Amino acid sequence: MSTNIVDQDIDVFSTEATNTAININAVINPPCAFDKNIHYLPSDLIKLFGADKNTLLRKEKAKKIPGAIRIKKGGVECRAWTIDQLPLIGEELGFLKKIDFNYVISVFTLKGGTLKTSLAFQLARLIALHNMKVLVIGLDVQESITGIIQGVRHFKESDTWDEDSIINSPKGLYHALVENTPLRDVIQKTDLPTLDYIPETLELSILDRWLKLQRNQETIIKNKIVSKLKNEYNFVIFDCNPSWDTIVDNALESSNILLSPMTCSSDTYRAMKTFSKLIRDYTKETKTFKLFKVIPTRKKNTKVSTIIEAKFRTEYSEFCTNTSIRDSVLAEESNTLGKSLIELSYKQGLAQDYVDFAKEFIDQISLLEVEVHKCQ
Ligand SMILES: Nc1ncnc2c1ncn2[C@@H]1O[C@H](COP(=O)(O)OP(=O)(O)OP(=O)(O)O)[C@@H](O)[C@H]1O
Ligand SMILES: [Mg+2]
């Protein structure tokens, strides 16, 4: 990339720098806001979307993608695009077919650490890079997905005391529901114009209690938040907690898609037995999801991991995705920098797993739409 933010950030993870957290702050010097001054050269776009140079230039000439600006690099003028132009370019040159429908997804399992947050984040970002509008709503009081979306900015400690901004920000679901904060003040923008989020705040810890005291407690988020936003976004994605509380009930009630990542480990295999039964009962009693997918995650090259992945495929063949997400240290880097793996110039391994998963997911949605039209 022509600005060196990404390159600099990767330096942070060199063996020299990994030992100390102070290094992270010193090297990155995180900006308060998302850095929108990143420029993408033709070679960056070719890597990112897997397009070829001729197609890129042809599409630019035909005005199918935004026109490039010119920047100086090593004394030479080169074409470059800005980060906010990526979604329009992704729509033309990318690997996901844009869909024009609206879906609400819950990423949920009853087991902790199965990659719910990581998968929700990677999927959200890949979809947003293809010009589909995405709103991420994190439900974890530990601010998991909020921290990832904000990337290195999350580490920023201000050295000035500004009581107002400390007390008054950020606002999240609790403020929208309990204090009637307008949604426009709760929804935050990111560096991609197609990706917004509602930040997780500490008050999520008391939201569950508040919801339990309301009438129709399971449908409050659907009625007060999702119904108002659904048409603004192609996808609303809830990143759920691993415990089935009233907040999760609300997310599930709002959703027509359930994605359940399950690690290829024996304790998760056991948890899957209980979870699948609970979901079966839930869908019998309450609602049926248009799509329910189980995604094997943290697949390792071990015998047990391979056996469990195979068991997920055979025992839950109706629900299990063809793609598994492998175990890899690169996830940490992506989560820390707040960028999808392909944006960090990775093409193989874990990055390719997420690309394959996103393709499989969008294909499934397209099939759903075909079915809906057939029935009409
Ligand atoms: N492919 C991967 N391989 C190995 N570790 C990963 C991978 N993806 C993410 N991780 C790491 O695994 C940990 C758990 O991931 P994540 O937070 O996404 O799980 P989760 O299901 O959301 O957890 P929780 O149940 O606590 O919400 C994190 O430290 C994350 O960085
Ligand atoms: Mg999580």
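Let's start with the shell around ligand 1: by class, 5 residues are nonpolar, 8 polar and 5 charged. Here Ala, Val, Leu, Ile, Met, Phe, Trp, Tyr, Cys and Pro count as nonpolar, Asp, Glu, Lys and Arg as charged, and the others, Gly among them, as polar. In total, 18 residues surround this ligand. A residue is near a molecule if its C-beta atom, placed from the backbone, lies within 6 Å of it. The closest are Gly-112, Lys-116, Thr-117, Ser-118 and Ala-331.

Quick housekeeping. This is a predicted model: local features need pLDDT of at least 70, side-chain atom pairs count only at pLDDT 80 or more, and totals for chains, interfaces and linings use all residues. Residues are numbered from 1 along each chain as its sequence is written, while chains are lettered from A and ligands numbered from 1 in the order in which they are written.

Which helices each supply at least two residues of that shell? Helix H6 (116-128) and helix H16 (330-337). Helices (H or I, at least four residues) and strands (E, at least two) are DSSP runs, numbered from the N terminus.

Now the sheet. It is open, with 8 strands in the order E6-E7-E5-E8-E4-E9-E10-E11, and its pairing is mixed. The edge strands are E6 (188-189) and E11 (325-326), each pairing on one side only. Two strands pair if DSSP finds at least two bridges between them. Strand E4 (residues 103-107) and strand E8 (residues 235-239) run parallel, joined by 5 bridges. Val-104 has Val-236 in E8 as its bridge partner.

Next, the core. The largest nonpolar core has 90 residues. Such a core is a set of buried Ala, Val, Leu, Ile, Met, Phe, Trp, Tyr and Cys residues joined through C-beta atoms within 7 Å. Buried means 20 or more other C-beta atoms within 10 Å of its own; exposed means 12 or fewer; partly exposed is in between. Where does this core lie? Domain 1 (5-91) and domain 2 (103-375) both give residues to it, so it lies between them. Those bounds come from an automatic or database domain assignment. Val-136 is among the residues with the most contacts inside the core.

Last, two loop residues. Asn-216 sits between helix H11 (204-212) and helix H12 (220-229). Its phi is near 50°, positive in a residue other than glycine. Asn-216 counts as exposed because it has 10 C-beta neighbours inside 10 Å. Ser-345 lies in the loop between H16 and helix H17 (349-375). Phi of Ser-345 is also positive, near 70°. With 15 other C-beta atoms within 10 Å, Ser-345 is partly exposed.
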